[in-house]
Amino acid sequence: MASTTRPSSGFQDDLLSAHERQTPVEHTPTPSTFTLPDGFLGGPAPNLVKSKINFAKGGIPEHADAWAVVLDGVVSEEECSALVKAAEATTNGEWERAMVNVGGGRQALYEDTRKCGRIIWDNREIMTRLWARIEASVPEIHTLRNWANVTGNGPAKRAETWKVTRLNERARCLKYTGGEYFKAHCDGTYETPDCSERSYFTLHLYLNDAEGKNGERQLEGGATTFFNWGMTQRIDVVPKCGRVLLFQHRGLLHAGDDVISGTKLTLRTDIMYALEDDNMAAEPEA
């Protein structure tokens, strides 16, 4: 049951400030020893169906202008299974405890906020193929201009244009078992070390189903839940194998709901953007 106590304005300000530039500090991953099949993730999505999340209709009118979509049928069950095996091969099957960025280049283990396993896996080729499957289905986020709700007021006031470049090659594979969760938070922007790219949207790929093939319940709980600021209204996105959830970093309070029983597996990364050079993009004068 979500709390009905409205967060203080300071709480909301702290969450919004998380969208300023930040570089998450994470362990350097081990090269994978697992060989994925030739042509893995090649070709189009098996059966892509797009659904836009309507926050106003779902009871959260304060997020009426926020952007989030669900894409079903992006990855097959067999491909999801292979992704999990490939990630686990980088750590000999060990899942470290997920930590929380606390600023100043530091991380800390706060299991009252975040409690789950994590494997960090860098693979630019796989992320490129995953983006190729979904890129054409979300043309509305290819170019960001005058969209302060996503970029913040600064880029909008400066009339900046941000063009999508790729998915962040760093995949954070997450494993939640009974009693685990990620409490309500907002995602922060990731900026590359050379400051040439930054992220504005989150991508979650769900790697297993809540229900088995025979209809038995394999996972209870574990939805990705969007809240209003008072945490009195919620919209749940239920895990489904091969489903992708995309949503803006800025201003969307969400949580990984408590897993009551079973196991939830997801892959999380970011959609990256580069600032368009207006001088180079401008046509020469006649």
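A salt bridge, as used here, is a side-chain nitrogen of Lys or Arg within 4 Å of a carboxyl oxygen of Asp or Glu. Take Arg 170 and Asp 122: their side chains meet in one, at 2.8 Å from N to O. The pair links distant parts of the chain, 48 residues apart, with Arg 170 in strand E10 (residues 170-177) and Asp 122 in strand E7 (residues 117-122).

Some ground rules. This is a predicted model, so local features need pLDDT of at least 70 and side-chain atom pairs count only at pLDDT 80 or more, while totals for chains, interfaces and linings use all residues. Residues are numbered from 1 along each chain as its sequence is written, and side-chain values use heavy atoms, with hydrogens and water left out.

Now the overall picture. The chain has six helices and 18 strands. Those are DSSP runs, numbered from the N terminus: helices are H or I with at least four residues, strands are E with at least two. The chain has 286 residues, and 48% of them count as buried. Buried means under 20% relative accessible area, exposed means over 50%, and partly exposed is in between, with a 1.4 Å probe and protein chains only.

Contacts next; a contact means heavy atoms within 4.5 Å. Take those between residues at least 6 apart in sequence: 79% join residues at least 24 apart.

On to the cores. A nonpolar core is a set of buried Ala, Val, Leu, Ile, Met, Phe, Trp, Tyr and Cys residues joined through side-chain atoms within 4.5 Å. The largest has 43 residues. Leu 130, Phe 201, Leu 205, Leu 246, Ile 271 and Tyr 273 have the most contacts inside it. Which helix gives the largest share of this core? Helix H2 (residues 77-89), with six residues. Another core lies apart from it, with 13 residues, among them Phe 55, Ile 60, Ala 66 and Ala 68.

Look at Leu 130. Beyond its neighbours within four places in sequence, Leu 130 touches Leu 41, Val 74, Val 75, Leu 167, Leu 203 and Leu 205. Leu 41 deserves a stop. Leu 41 sits in the loop between helix H1 (9-17) and strand E1 (49-52). Buried or exposed? Leu 41 is buried, at 3% relative accessible area. Its phi is near 65°, a positive value in a residue other than glycine. Most residues other than glycine have a negative phi. Cys 195 also has a phi near 65°. Cys 195 lies in the loop between strand E11 (181-185) and strand E12 (198-206).

Now back to charges. A search of the whole structure finds 19 salt bridges. In the opening pair, Arg 170 is buried, at 18% relative accessible area. Asp 122 is partly exposed, at 34%.

Next, Glu 125 and Arg 129, whose side chains meet in a salt bridge at 2.4 Å, N to O. Why are they about one helical turn apart? Because they are four residues apart in helix H3 (residues 124-134). Glu 125 is partly exposed at 47%, and Arg 129 is partly exposed at 25%.

Another salt bridge joins the side chains of Arg 198 and Glu 191, at 3.4 Å, N to O. Both Arg 198 and Glu 191 are buried. There is also a network: salt bridges that share partners join Arg 124, Arg 166, Glu 169 and Glu 197.

Arg 166 is in strand E9 (residues 161-167). Arg 166 counts as buried, at 13% relative accessibility. Its side chain makes polar contacts with the side chains of Glu 169, at 2.5 Å, and Glu 197, at 2.9 Å. A polar contact is a pair of N or O atoms within 3.5 Å; within protein, one must be able to donate a hydrogen and the other to accept it, and residues adjacent in sequence count only if both atoms are side-chain atoms. Beyond four places in sequence, the contacts of Arg 166 include Arg 124, Trp 131, Asp 270 and Ile 271.

Last, a sheet. Five strands form an open sheet in the order E6-E11-E17-E14-E15, with antiparallel pairing. Two strands pair if DSSP finds at least two bridges between them. Which strands are at the edges? Strand E6 (114-115) and strand E15 (234-237), each pairing on one side only. Four bridges join strand E14 (residues 224-227) to E15. Thr 225 has Asp 236 in E15 as its bridge partner.
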